[in-house]
Amino acid sequence: MADEITLTMPRERGFHGVAFLVLGGLAVRLNLTVENLEDLQIALDSILDRIDHKEGEITVHMAPEDGALVTRVGPLPSSILDEIEREQDHELSLRRVLESTVDDVHVDGEWVRLTKKVVASG
């Protein structure tokens, strides 16, 4: 698949912008609406903001699949994965942010898969 992108980068905050740049480039290539792009950026930022920024690498994989853009992020520590899986009614948890910005959130081992149904602009 030509539009599939895998980006492995250091966990340091300074590299997060690279992930957003790649996401934006893919959004332009797929002709996504600004709303779709903003939702995906919020979801990705919510995860990247919670990782330990000191050492190691994080991988972000993006690929269009059947009218959706699927983004996989990992490996993630169990504390973040637990926060994603835990239902929380009274606070703005990571899970609530993700559920309000993407259509499906799924934890798969040390990875989280975010699925956003996309609408082409124009």
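**Close-up views of a predicted model**

**View 1. Strands β2 and β3 run side by side.** Strand β2, residues 57-65, pairs with β3 in the antiparallel sense, over seven bridges. The model shown here and in every later view is predicted. Strands of a sheet pair through backbone hydrogen bonds, either parallel or antiparallel.

**View 2. The open sheet has five strands.** Their order is β1-β2-β3-β5-β4, and the pairing is antiparallel. Strands β1 (5-10) and β4 form the edges, each pairing on one side only. From one strand to the next, the twist averages 15 degrees.

View 3. Helix α2 spans residues 34-48 and touches β1, β2, β3 and β5. The direction of α2 makes about 165 degrees with that of β5. Helix α3 also packs on the sheet, where it touches β4 and β5. The direction of α3 makes about 140 degrees with that of β4.

**View 4. L69 sits in strand β3.** The strand covers residues 68-74. Is L69 buried or exposed? Its relative accessibility is 0%, so L69 counts as buried. Beyond its neighbours within four places in sequence, L69 is in contact with L23, L26, L30, L32, L40, A63, P64, L114, T115, K116 and V118. D45 lies 24 residues from L69 in sequence, and their C-alpha atoms are 16 Å apart.

View 5. An α-helix has 3.6 residues a turn, so residues three or four places apart point the same way.

**View 6. R13 and D49 meet in a salt bridge.** The structure holds five salt bridges. In this one, the side chains come to 2.6 Å, N to O. The pair links distant parts of the chain, 36 residues apart. R13 is in the loop between β1 and α1 (16-29), while D49 is in the loop between α2 and β2. R13 has a relative accessible area of 48% and is partly exposed. D49, at 39% relative accessibility, also counts as partly exposed.

View 7. The closest N and O atoms of E83 and R50 are 3.4 Å apart. R50 lies in the loop between α2 and β2, and 33 residues separate the pair. E83 is at 17% relative accessibility; buried means under 20%, so E83 counts as buried. R50 counts as partly exposed, at 33%. Side chains of opposite charge can pair when their charged atoms come close.

**View 8. R113 forms a salt bridge with D104.** Here the closest N and O atoms are 3.8 Å apart. R113 is partly exposed, with a relative accessible area of 30%. D104 is partly exposed as well, at 36%.

Definitions and conventions. Residues are numbered from 1 along each chain as its sequence is written. This is a predicted model: local features need pLDDT of at least 70, side-chain atom pairs count only at pLDDT 80 or more; totals for chains, interfaces and linings use all residues. Side-chain values use heavy atoms; hydrogens and water are left out. Helices (H or I, at least four residues) and strands (E, at least two) are DSSP runs, numbered from the N terminus. Buried means under 20% relative accessible area, exposed over 50%, partly exposed in between (1.4 Å probe, protein chains only). Contact means heavy atoms within 4.5 Å. Two strands pair if DSSP finds at least two bridges between them. Axes are lines fitted to C-alpha atoms, for helices over the stretch in contact, and angles run from 0 to 180 degrees between N-to-C directions. A salt bridge is a side-chain nitrogen of Lys or Arg within 4 Å of a carboxyl oxygen of Asp or Glu.
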